[in-house]
Amino acid sequence: MPGSEDRDLLKRAYEAWDAEDWPVAGETLERLVRRNPDHRRAAVWWYDAALAYKFLRNWAKAYELGREAAARAKRGTQDPAFWNLGIAATIMKDWATARDAWRGFGIALPNGEGEIVEDLGVTPVRLNPGGRAEVVWARRLCPARARVLNVPTPESGRRFGEIVVHDGAPNGERVVDGHSYSVFDELLLWQASELPTSTVAIEAETVEDVGALVAVFEEREYGAEPWSSHQMICACCSEGEVSQDPRHAVAGEQRVSLAAPPEEVPVLLERWRAEAPARRRWAAPAAH
């Protein structure tokens, strides 16, 4: 490195990095790499500068510097520079750059233009990771976005059917039928849902009756989530490996969260009750 000023910038940048002072780290690394664009460590500095702005949720800067980092990364080797650029380009709605970034990482996306909307399977996503976090299942529309399939609790601040952008770094695992799924933390809300969440008290004499209630709402592409499916665990355990039983359900008195237009909720509940009135009862829901 040619001069003492650059050495001072390098020292200050990584002291800030170690202190998680992301504004100073990002700004100082960017100054350093723009002064030394041909340095043998330039690719690392571009990457770290972009990552600092990602931590700050400054997506415009993460996108700008991420393009520089990805331009110096080797394609097809799962280099994280491409993944972080893919996230930032998605948030900036630069779909051409996002597609190229995912392919640069090594993901074989179908050809296309505009917004990426695929079915890449399901994944658990941790909603509101900085607050009342809740892990739900979601369907991946692209490597960075997923649509919520569960009915979240009101404390999470999220709703059934919403699309969130999630990180690419796993933060926990969920094991279902022997298969392990990585948990990804939500970064931001991409598309809100207009379906409000309400709660209803039900009595169901059999597990099949509970399943029938869920099915009635799913047929209309709405959501129903028995509270008995909730598993309260500490943050430390949530970020570890947790086994889940997809067939878990209990009969009896319980509460169910519903995601549907308010005017349709009693209609669907009454349809469910009328199919087996001797075994099924419900009480008026309260909206959240």
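**Figure 1. Glu30 in helix H2 of the predicted model.** Glu30 belongs to helix H2, which spans residues 22–35. The relative accessibility of Glu30 is 11%, so this residue counts as buried; the cut-off for that class is under 20% relative accessible area. When neighbours within four places in sequence are left aside, the contacts of Glu30 are Ala49, Tyr53, Lys61, Glu64 and Leu65.

Figure 2. The structure contains one cavity of 30 Å³ or more. The space in the largest cavity amounts to about 40 Å³. Its lining consists of Ala50, Leu51, Lys54, Ala62, Gly66, Asn84, Leu85 and Ala88. Two or more lining residues come from each of helix H3 (42–55), helix H4 (59–71) and helix H5 (80–91).

Figure 3. The volume of the largest pocket is about 1,600 Å³. Its lining comprises 50 residues, of which Val135, Glu225, Ser229, His230 and Gln244 are the closest to the pocket centre.

**Figure 4. The whole protein, shown as context for the close-up views.** The predicted model has nine helices and ten strands. Along the principal axes, the C-alpha atoms fill a box of roughly 85 × 40 × 35 Å. The protein has 288 residues, and 46% of them are buried. Among contacts with a separation of 6 or more, 58% are between residues 24 or more positions apart.

**Figure 5. Surface and charged side chains of the protein.** The side chains include 35 that are positive and 45 that are negative. A distance of 4 Å separates the centres of these two sets.

Methods
Residues are numbered from 1 along each chain as its sequence is written. This is a predicted model: local features need pLDDT of at least 70, side-chain atom pairs count only at pLDDT 80 or more; totals for chains, interfaces and linings use all residues. Side-chain values use heavy atoms; hydrogens and water are left out. Helices (H or I, at least four residues) and strands (E, at least two) are DSSP runs, numbered from the N terminus. Buried means under 20% relative accessible area, exposed over 50%, partly exposed in between (1.4 Å probe, protein chains only). Contact means heavy atoms within 4.5 Å. Lys and Arg count as positive and Asp and Glu as negative; His and the chain ends are not counted. The place of a charge is taken as NZ of Lys, CZ of Arg, CG of Asp or CD of Glu. On a 1 Å grid over the protein atoms alone, a cavity is a set of points where a 1.4 Å probe fits but cannot get out, and a pocket is an open set with protein on both sides within 12 Å along at least five of seven lines; lining residues have an atom within 4 Å of a point. Grid points are joined across faces, edges and corners, and a volume is the space filled by probe spheres set on the points.
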